[in-house]
Amino acid sequence: MDKQSSALAVTVAGVTFRNPVIAASGTFGFGREYAKVFDLSGLGGIALKGMTLKSRSGNPSPRVAETPSGMLNCIGLQNPGVEYFLKNELPFLQKQGTRLISNIAGDAPEDYAALAARLDGEPVDMLELNISCPNVKTGGMAFGVTCEGAAEVTRAVRAATKKPLCVKLSPNVTDIASIAQAVEDAGADALSLINTLLGMRIDIRTRRPILSNNVGGLSGPAVFPVALRCVWQVAKAVRIPVIGMGGIATWEDAVQMFLAGASAVQVGTATFTDPYAMLAIRDGLADYLETEHIAHISELTGQIRPN
Amino acid sequence: MDKQSSALAVTVAGVTFRNPVIAASGTFGFGREYAKVFDLSGLGGIALKGMTLKSRSGNPSPRVAETPSGMLNCIGLQNPGVEYFLKNELPFLQKQGTRLISNIAGDAPEDYAALAARLDGEPVDMLELNISCPNVKTGGMAFGVTCEGAAEVTRAVRAATKKPLCVKLSPNVTDIASIAQAVEDAGADALSLINTLLGMRIDIRTRRPILSNNVGGLSGPAVFPVALRCVWQVAKAVRIPVIGMGGIATWEDAVQMFLAGASAVQVGTATFTDPYAMLAIRDGLADYLETEHIAHISELTGQIRPN
Amino acid sequence: MTISALPCPVLSRENIAAGVYDVWLSAPQAEQAKPGQFVGVRCEGFTLRRPVSICEIDRARGRLRLIFEERGEGTRWMTSVRVGETMDLLAPLGNGFNLGDAGRAAVFVGGGIGVPPLLEAAKPFAGHADAILGFRSKPNVILKADFERFGAHVTVVTQDGTEGETGVVTPPLEKRLDSAPCGVIFACGPRPMLAAVAGVAEARGIPCFVSMEARMACGVGACLSCAIPVKVGNEVQNWHVCKNGPVFDAARIVW
Amino acid sequence: MTISALPCPVLSRENIAAGVYDVWLSAPQAEQAKPGQFVGVRCEGFTLRRPVSICEIDRARGRLRLIFEERGEGTRWMTSVRVGETMDLLAPLGNGFNLGDAGRAAVFVGGGIGVPPLLEAAKPFAGHADAILGFRSKPNVILKADFERFGAHVTVVTQDGTEGETGVVTPPLEKRLDSAPCGVIFACGPRPMLAAVAGVAEARGIPCFVSMEARMACGVGACLSCAIPVKVGNEVQNWHVCKNGPVFDAARIVW
Ligand SMILES: Cc1cc2nc3c(=O)[nH]c(=O)nc-3n(C[C@H](O)[C@H](O)[C@H](O)COP(=O)(O)OP(=O)(O)OC[C@H]3O[C@@H](n4cnc5c(N)ncnc54)[C@H](O)[C@@H]3O)c2cc1C
Ligand SMILES: Cc1cc2nc3c(=O)[nH]c(=O)nc-3n(C[C@H](O)[C@H](O)[C@H](O)COP(=O)(O)OP(=O)(O)OC[C@H]3O[C@@H](n4cnc5c(N)ncnc54)[C@H](O)[C@@H]3O)c2cc1C
Ligand SMILES: Cc1cc2nc3c(=O)[nH]c(=O)nc-3n(C[C@H](O)[C@H](O)[C@H](O)COP(=O)(O)O)c2cc1C
Ligand SMILES: Cc1cc2nc3c(=O)[nH]c(=O)nc-3n(C[C@H](O)[C@H](O)[C@H](O)COP(=O)(O)O)c2cc1C
Ligand code: FES
Ligand code: FES
């Protein structure tokens, strides 16, 4: 906790996180499990598992596969639905002393809006619109790959909530910057990126794709260069803050994300390899600021010096 | 050489390769250098360094960076121009006993067409249209990311040459299958994919991108899951043959590519790690066919059993 | 219960069967570990930890015994770790076996690399434990002497008959159940074996608990990777091998 | 010339300065190697090989000596390879030094980890070689005794004056050039040092050859990664460190 000096506190879309290291949605459930591994108050925040209005059972197993320096997943938004969450998960989460970001998904803009409205009076700090999940048949990534789709969902949710609104972008697009701009224009307060890259792996013995859904989302260090490029392109194109993620595993990776334009970072897959990765990244950032005599982490944001 | 049984010979767009393992463009120059490392006749073919009408000097160094299970490059199509190639490189290449694929690029459809016309009477076996290079300012990937652009270049080249025509696709798009269809409709005889994913890496000490061009193309095992997914999506969408590439490092990777729909494979980055990688992949495929009692490699193509 | 990830020094290491290694590690997590729980082994160069069952627990000295078989690249790395080097273990994971009354007669049915997790579970049953252990062939047989050391009556079965009885585990299981009362069955092994054992148990109305496998990412229940369909009343729900299991009431499994 | 990639057993390994390791490897490629050439070391877990200069060549016994400094992750792996283990070397790479007439007086100017490639080159010059070797500080000094063993007259310079003269290599270089004739200068080290040495050589009209660095992928000239701008007549062309170099006529370099 000593390393969590005020130098690390960041404010994104009006929400102050005690440090800029946030658990990425879907890799940290509703926090309960990792609370057995470390004190959750050590995190800047938690982006909660992607949630829908009604419960969903997700895809069959296998839902994960290992890849070089990464992994594929096709969980498919399994979640207990918002009412269960509010009754059984949120009370526990509220006591953990960290910021809560509700990651929300749906089949149609109205679903997103209804979910956002339902959460409006509840003690979550921010909404993260998941329009980039590659693992569901309807909705999900479908909205995230066109400017119109992304803007439409954003507008619908914007009208339904007063909460700070972050939109999570897909890297599986030709021009992520223009989608970012469309979302900004539609009223988003912040952007988070990247969600996973669409990938595949085949078991040559059975000739079947390893994942039950055939394809899945690639995450982990393998995607870091793509994520960094996306954050840089988007940060240059918009005025709202960007939360960077995708393959971050070390504090050096996080520093690159800040330099490219991120105001905070999310960490997902690295937690599976090392459950303390986020704490090590946080402490590494604190040490780095001290060694480099940088007063505050936000001084790094966007300080890349392009060639 | 003993492993190069007829079981490995493949015919793509009328061109018969003695085995399906082809050196990927830009990673193998004009063959001269690796001829000092192994006998080039052991390869199915060589996709030559991307070429333009006039010589180009490419981007400044640094042009490469290491990434987790991969690398970034921003060579920027450095090449000596077609006339130099015909005079000084092709005569040597012709004597190597392997198939030659000319990878061609330009700033405008007319450049591509002029280059294709210039090569038409020359002893190269196939043209590979590079409309997916992420490292040049004009042309390059610009054509590869829209159906119209891709079709336009393809049509222009189709009209200018009688050579078998392969179009190389970029993965940096929202819908690679529709671009593949557009290119097929415009007269391509085959498709090759993927070119590199756009990525970035920052030196946190200098705060500068490591690559002189700021961004570059990601290749190597890290991208294999994305490449495999693209090959699968494209192979389902078109009737022309697909040459698969992107991160192939082992014969098992190659088998996955065939199952996903590839008729041949190209190998790039793996050669840097192990210069004999392509020979090991070829031999591994031969052994695999024998062990599994598969009479011919083409029996694997598209034999994925999706879930 | 708390879970921790720690580099655990390898104290001993033995190649006990074809491709199978038997290691004791110094692991403070032993203090909280229960039979049937597992650990997540961080393998150098890999993103995902490999799940490995706890074979024996030495709480007093803070040691865990793991037995693993080389199957792919991750387990190959594990076989390369020498005495004095460390393995990073995330542990203890899962719920393990609910042993209930160890005064009951219990039958432990293991298949291949599914045998190890049964050993610690069999300990408290001592004299009234039967262990029916199936393997491919003689070179694959493991842990027979260990079960006997803890007082279990062991029947070995090999598919090719090179050691013990010939065939699969179900005939000796039925024979055992025919000949004496049995309060509970614990099983671990390949899925078809578990399904067969569950069938036998159900037919006779004997409680049966099986240890299941699934591909995992987090190992703690957060990522929802390791779902298996489980019968809950009239419904089928996704439960998670790492959190709700790996041991399940066989009656709940959708075979 | 042929190039090959082979696993080469490490025969000896010594930590000769802060973070600097000195290894002899059994490498059949030694037979064809020339001073100033380099090898590509495959580092476990990495895509790109790391370029390392050849420090000494034992053609008769098929051995190469490499000296490398831990700089990042790849070189850290290299320092972990023990005697008896192997390093996969792609070799020999590049053109090396064109030594010309070894009867001339030659001055070898090395800076830090740029010193090693000069050793093999200095051998034939024996008594008429001067070596001016610059280092950060005393703990970084390497190879002084080795150059002396081959008959070179060695001047050590450290930036902090903790060994030999204080400062950088150019003042002792100028002093040496003032005091006696010199037919050729060979230099390897950090770019600013090379630029300074090239400046001195140019001013005095002495031929000067410098060994350059660039980030590499293939190491053989095929991928065009390692471009540096080089003056050719009135033009500037991209030449490649791995193929056209690493040694270049200093007069060609665009500093
Ligand atoms: C709860 C549990 C306990 C286990 N206990 C043991 C044990 O005590 N001893 C032992 O030898 N093995 C055990 N296994 C199986 C062991 O986890 C796999 O053999 C191992 O993960 C294979 O990894 P690999 O890298 O060698 O193989 P690869 O096939 O290269 O692995 C690729 C990916 O698939 C996963 N995977 C492959 N096979 C399995 C499997 N059967 N179950 C789960 N994931 C798999 C890997 O973890 C990895 O993520 C257990 C599995 C589970 C789920
Ligand atoms: C021709 C040549 C000869 C060399 N000879 C020696 C030698 O004899 N002894 C020695 O200790 N070092 C030598 N070097 C430098 C050595 O190659 C680098 O220190 C090493 O590549 C750093 O790798 P890393 O993984 O530790 O560092 P990282 O910074 O993690 O490497 C990241 C990437 O950048 C590349 N890179 C980083 N620094 C350099 C550099 N200075 N030159 C080229 N590529 C670099 C790496 O190869 C790798 O691809 C030589 C370099 C060249 C080009
Ligand atoms: C197992 C798993 C489940 C995920 N579930 C969600 C989700 O529910 N909602 C979402 O927006 N992103 C989800 N993601 C994406 C991550 O939040 C993150 O964007 C991505 O994994 C890249 O970051 P990383 O490389 O640090 O993991 C999931 C990722 C993984 C690996
Ligand atoms: C150094 C380098 C240079 C490349 N140059 C070209 C090129 O000139 N033309 C082209 O079409 N692709 C070029 N590529 C892309 C490769 O041909 C290939 O599509 C890509 O690297 C993915 O395959 P791999 O992962 O096996 O390397 C280049 C790739 C690399 C690494
Ligand atoms: S592995 Fe993450 S929930 Fe089971
Ligand atoms: S490293 Fe490939 S050309 Fe020099």
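Across the interface of chain A and chain B there are 2 salt bridges, a salt bridge being a side-chain nitrogen of Lys or Arg within 4 Å of a carboxyl oxygen of Asp or Glu. One of the pairs that meet this rule is B:Arg201 with A:Asp253, at 3.5 Å from N to O. The side of chain A that touches chain B draws at least two residues from each of strand S11 (197–200), strand S13 (208–209), strand S14 (215–219), helix H6 (224–237) and helix H7 (251–260) of chain A. Helices (H or I, at least four residues) and strands (E, at least two) are DSSP runs numbered from the N terminus.

Before I continue, a word on the source: this is a predicted model, in which local features need pLDDT of at least 70 and side-chain atom pairs count only at pLDDT 80 or more, while totals for chains, interfaces and linings use all residues. Residues are numbered from 1 along each chain as its sequence is written, chains are lettered from A and ligands numbered from 1 in the order in which they are written, and side-chain values use heavy atoms, with hydrogens and water left out.

To return to chains A and B, each contributes 48 residues to the contact, defined by heavy atoms within 4.5 Å. The buried area is about 4,200 Å², with 58% from carbon and sulfur atoms; this is the accessible area (1.4 Å probe) that two parts lose on being put together, summed over both. A:Ile204, A:Arg207 and A:Asn307 supply 18% of what chain A buries against chain B, more than any other three residues.

I turn now to chains C and A. Here the contact takes 27 residues from chain C and 30 from chain A, and the two chains bury about 2,300 Å² between them, 54% of it on carbon and sulfur atoms. This interface also has 2 salt bridges. A:Glu66 forms a salt bridge with C:Arg50, the closest N and O atoms being 2.7 Å apart. Strand S1 (4–17) and strand S14 (235–240) of chain C each give two or more residues to the side that touches chain A.

Which residues does A:Glu33 touch, leaving aside those up to four places away in sequence? They are C:Val220, C:Gly221, C:Ala222 and C:Lys243. A:Glu33 lies in the loop between strand S3 (21–23) and strand S4 (45–47) of chain A. A:Glu33 counts as buried because its relative accessibility is 8%, the classes being buried under 20%, exposed over 50% and partly exposed in between (1.4 Å probe, protein chains only).
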